Amino acid sequence: MSKAGALDLASGLGGKIEKKEVLSAVEQYEKYHNLYGGANEDRKSNYTDMVNKYYDLATSFYEFGWGESFHFAHRFNGESLRESIKRHEHFLGLQLGLKPGQKVLDVGCGIGGPLREIARFSLVSVTGLNNNEYQISRGKELNRIAGVDKTCDFVKADFMKMPIPDNSYDAVYAIEATCHAPDAYGCYSEIYRVLKPGQCFAAYEWCMTDAYNSENKEHNKIKAEIEIGDGLPDIRSTTQCIEALQKAGFEASHRPSLPSQNHSPSFCFCMANVLLEVKALEYVGLAPKGSQRVQDFLEKAAEGLVDGGKKEIFTPMFFFLARKPHSGDH
């Protein structure tokens, strides 16, 4: 990492949290999770606070280690990480059948890397919905730099209760984001509500596969490492996701997902360049106290992701395409 990059990382650590409060925020975040005595129900009932703390603490790590798009992508031989990320986003736009001029909603948009790419690729207007103030402020700046600030915008809101009128969007997508919802049915119901009849919702979901055994201690340790390292209340199964979609009213189809071992090493390699700097930055006072602790739970996530992929009990790429029927459809 360059000196400028290291200083940018240090200045962004903690997001909107006061620098002197970072360590306290880390401690509060850790206590939500099983590895520190927390419980699933506590995470679900306090998901807004937990997820906001996670992204305030982790966003700078993600951006400087991963780029503007915080998601995985299956990577072909000879393909760069950036190329695989773009292809992954283009696939989503193509599956949705996006047409120039349409209004699209990105649910849980991060700092907007995918929405900028999809807006340029499909010539659509994209609104990013996000409940984290720091990520939205960063996303607005990046939209301005990319020259898409006239066609792309952000809404600060909880995706469990969107301040958006019914039947507003021509398409909706979510990339590894609705896994943060405490209840899949509630989240998918809100997406159903704001989507126009006859149109589609597409997503990549983080899920436990059918190979996961809730009675297996090693499986549960891997699941807990992923949850603390990625701000998740509880990782759902692929079956639970499809059932929640259907309960919300969608007609759902899906394709085989890819386990995480194909792309987690890319994540680990990218993050390693950042994580090695953090201890030094905190030691000299450029990064706030607690930054090393953030590094620790991100490393736990990397370990859990790789192990979950190797055992094929987890995927961050369960893809589905769900259509909202017209009222007269059967």
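**Stop one: the cysteines**

Start by selecting Cys 109, which is buried, with a relative accessible area of 5%. Keep in mind that this is a predicted model. Now pick Cys 241: this one is buried too, with a relative accessible area of 1%. Is Cys 241 in a disulfide or in none? In none: the nearest cysteine sulfur belongs to Cys 207 and sits 3.6 Å away, while a disulfide needs the two sulfur atoms within 2.5 Å. Searching the whole structure turns up zero disulfides.

**Stop two: the sheet**

Switch to a cartoon view and find the open sheet of seven strands. Reading across, the order is β3-β2-β1-β4-β5-β7-β6, and the pairing is mixed. Colour residues 152-156 (β3) and 251-254 (β6) to see the edge strands, each of which pairs on one side only. From one strand to the next, the twist averages 20°.

Next, select 169-175 and 195-208, which are β4 and β5. These two pair in the parallel sense, over six bridges.

**Last stop: zoom out**

Of its 330 residues, 57% are buried. The chain exposes about 14100 Å², and carbon and sulfur atoms supply 51% of that.

Conventions. Residues numbered from 1 in each chain as written. Predicted model: local features only at pLDDT ≥ 70, side-chain atom pairs only at ≥ 80, totals over all residues. Heavy atoms only, no water. Buried < 20%, exposed > 50% of the residue type's maximum accessible area, 1.4 Å probe, protein only. Areas by Shrake-Rupley, 256 points an atom, 1.4 Å probe, with all protein chains shown as cover. Pairing = 2+ DSSP bridges. Helix = DSSP H or I, 4+ residues; strand = E, 2+ residues; numbered from the N terminus. Axes fitted to C-alpha atoms, helices over the stretch in contact; angles between N-to-C directions.
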